[in-house]
Amino acid sequence: MNRRKFAVSLLALAILALFALGVWTYQQRVQKAQTQAVEQQTDRLVRAHAPTFGPASAPVTVVEFFDPACETCRAFYPIVKDILRQYPQEVRLVIRYAPFHAGSDQVVQLLETARLQDKYQPVLEALLASQPQWADHGQPRIDVAVQHAEQAGLNIEKAKLDAQRPEVQAVLKQDMEDLVALQITKTPSFFVNGRGLPSFGEAQLRDLVAEAVAQAKAMPEK
Amino acid sequence: MNRPWSLLVLAWLLASAATLGALFLGEVMGMTPCVLCWYQRIFMFPLAIVLGIAAFTGDRRGAFYSLWLALGGLCIASYHTLLVAGWIPKTWTPCGSGVSCANQKLDLFNGAIQIPWLSLAAFAMLVLLLITYLRKTAR
């Protein structure tokens, strides 16, 4: 390799390294700002109105900011379910809505009305399973989502009336406010006992949960 | 001679910085590019690759191809700069959905720099560097 080729290769490596460093620095700073926002407003993380899975007395609380139209949330659903199965007594899941996609707010309303009818989990699972059919990001087909919810056992007539109830509207409004305050911009975002993931990924989530469970076991409540 | 070649390297570094800068703004900081930004990206991104290969192999023709890409980008960036500056009447184009090219917050460092200016400066510098290189290497 002659000198020029060597110089160009070296420069290319230097540029990429610089870029990677810039990305890393920026992301660290964003994450730090978010961690601070969460630490200062822990009351915004878990709200009494939020749907939960798992025992209320569980020492480890996993908060998931969730968008029913988000593909990654769909992909994480079995993982989260598996974590709950793995720690049936130790972990509870709190779902907060982050309807970032067009039409997601209507699907969230559908979920909330399903909760009033005690059909939350079957409707949630039906909506996630059928997500590719209704959640076209340009043109969401809410009518298709409604069909799938109905097949899962939701009484649509009742749901339509319930959707107008102020408490259903209030849930969505409160969740939207908390998103801004906590600087949540992506779904799913996970917090384990108030701590965010060091970086996004399944292994990171499982590790953080395992760590929190181990901590809770080491310090049993009186 | 080594001097014309360093112009090529300089052009490549400039194109790489602009490309990675655009990727940083878009992918890392999450700024959604408007349509005009996309056209400027279409002209800028290949420059980072073509000029890299040209500098690596010392191929003069790479600079020739790049010049036309840079000129295309220069046109779009000029239009975008004029649009942001408010010199182009808003009546020329109707509003559509999506990100506005004229009213998006495009400034960096608290409004000190508009992104289209940076793009215009990069394309103009590239055109200058490439023309100088091509002249110096002309036989």
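Modeller: A residue is buried if 20 or more other C-beta atoms, placed from the backbone, lie within 10 Å of its own, exposed if 12 or fewer do, and partly exposed in between. This is a predicted model, where local features need pLDDT of at least 70, side-chain atom pairs count only at pLDDT 80 or more, and totals for chains, interfaces and linings use all residues. Residues are numbered from 1 along each chain as its sequence is written, and chains are lettered from A in the order in which they are written.

Biologist: Thanks! What share of the 139 residues in chain B is buried?

Modeller: By that count of C-beta atoms, 34% of them are buried.

Biologist: Why are α3(A) and α8(A) called oblique to each other?

Modeller: Happy to show you. Helix α3 (residues 104–116) and helix α8 (residues 166–181) of chain A pack at about 130° with axes 10 Å apart. Angles under 35 degrees count as roughly parallel, over 145 as roughly antiparallel, 65 to 115 as roughly perpendicular and the rest as oblique. The pair is therefore oblique.

Biologist: Which residues of α3(A) and α8(A) meet?

Modeller: Contact asks for C-beta atoms, placed from the backbone, within 7 Å. Asp105(A), Val108(A), Gln109(A), Glu112(A) and Thr113(A) in α3(A) meet Val168(A), Val171(A) and Leu172(A) in α8(A).

Biologist: What makes residues of this contact of α3(A) with α8(A) nonpolar, polar or charged?

Modeller: Ala, Val, Leu, Ile, Met, Phe, Trp, Tyr, Cys and Pro count as nonpolar, Asp, Glu, Lys and Arg as charged, and the others, Gly among them, as polar. The contact divides into four nonpolar, two polar and two charged residues.

Key:
Axes are lines fitted to C-alpha atoms, for helices over the stretch in contact, and angles run from 0 to 180 degrees between N-to-C directions. Helices (H or I, at least four residues) and strands (E, at least two) are DSSP runs, numbered from the N terminus. Two residues are in contact if their C-beta atoms, placed from the backbone, lie within 7 Å.
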